[in-house]
Amino acid sequence: VDIVYHVFIDDEPPPSEEERYVYLESFAVLLAKICEVRGAYKSHYLAALAKLFGEPDALCRIESLLQVPARIKGLLPKLKNVLNTRERKYAWCVDAMGIAFENGEITKEIRDFILKMSEVLMLMRNESMQMLSATESF
């Protein structure tokens with residue numbers, strides 16, 4: 001997987017280092033759910049995203065978060081602050097789908113989880129459903 005452009009990184013003003021950390025680390029929430037459903041999981045998509053963001057140690061930090069699930073819950077309030085535009089919210093959902101879809105189809109549990117996260121991020125449910133439905137055609 002090679003990612004050469006991302007709306008979050010190219011946002012104006014550009015995200016701070018802390019915002020990039022929160023954005024990447026927030027995928028621990030999704031990875032915890034994927035591991036619950038599928039077992040051990042490595043994401044090449046997330047590794048490419050971390051490389052593009054200039055945060056190569058993000059995967060180690062995410063692995064550390066997965067070892068202490070209580071710390072994962074603390075990410076959600078920070079994530080809401082970082083995803084302060086509609087574009088950033090949708091970018092997160094698209095990345096979540098990329099991570100989830102990378103090793104095959106998105107299971108019902110993971111699909112429902114991404115929908116729940118889109119509700120937490122205050123995205124329109126029908127728009128989120130359309131995005132997830134579009135992945136079924138790949």
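Predicted model: local features only at pLDDT ≥ 70, side-chain atom pairs only at ≥ 80, totals over all residues.
Helix α7 spans residues 86-101, and helix α8 spans residues 108-120. The two helices pack at an angle of about 165 degrees. Their axes lie 11 Å apart. Angles over 145 degrees count as roughly antiparallel, and α7 and α8 are therefore roughly antiparallel to each other. The crossing of α7 past α8 is right-handed.

Residues on both helices form the contact. From α7 come W92, C93, A96, M97 and A100. These residues meet I110, I114, M117 and S118 of α8. Eight residues of this contact are nonpolar and one is polar. None is charged.

S118 belongs to helix α8 and takes part in the contact with α7. The relative accessibility of S118 is 1%. The cut-off for burial is under 20%, so S118 counts as buried.

A separate feature concerns the peptide backbone. Most peptide bonds are trans. The bond from E12 to P13, by contrast, is cis. Its omega is near -5 degrees. P13 is located in the segment before α1, the helix covering residues 17-25.

Note on methods: Residues numbered from 1 in each chain as written. Heavy atoms only, no water. Axes fitted to C-alpha atoms, helices over the stretch in contact; angles between N-to-C directions. Helix = DSSP H or I, 4+ residues; strand = E, 2+ residues; numbered from the N terminus. Parallel < 35°, antiparallel > 145°, perpendicular 65-115°, else oblique. Left-handed = near helix turned anticlockwise from the far one by under 90°. Contact = heavy atoms within 4.5 Å. Nonpolar A, V, L, I, M, F, W, Y, C, P; charged D, E, K, R; others polar. Buried < 20%, exposed > 50% of the residue type's maximum accessible area, 1.4 Å probe, protein only.
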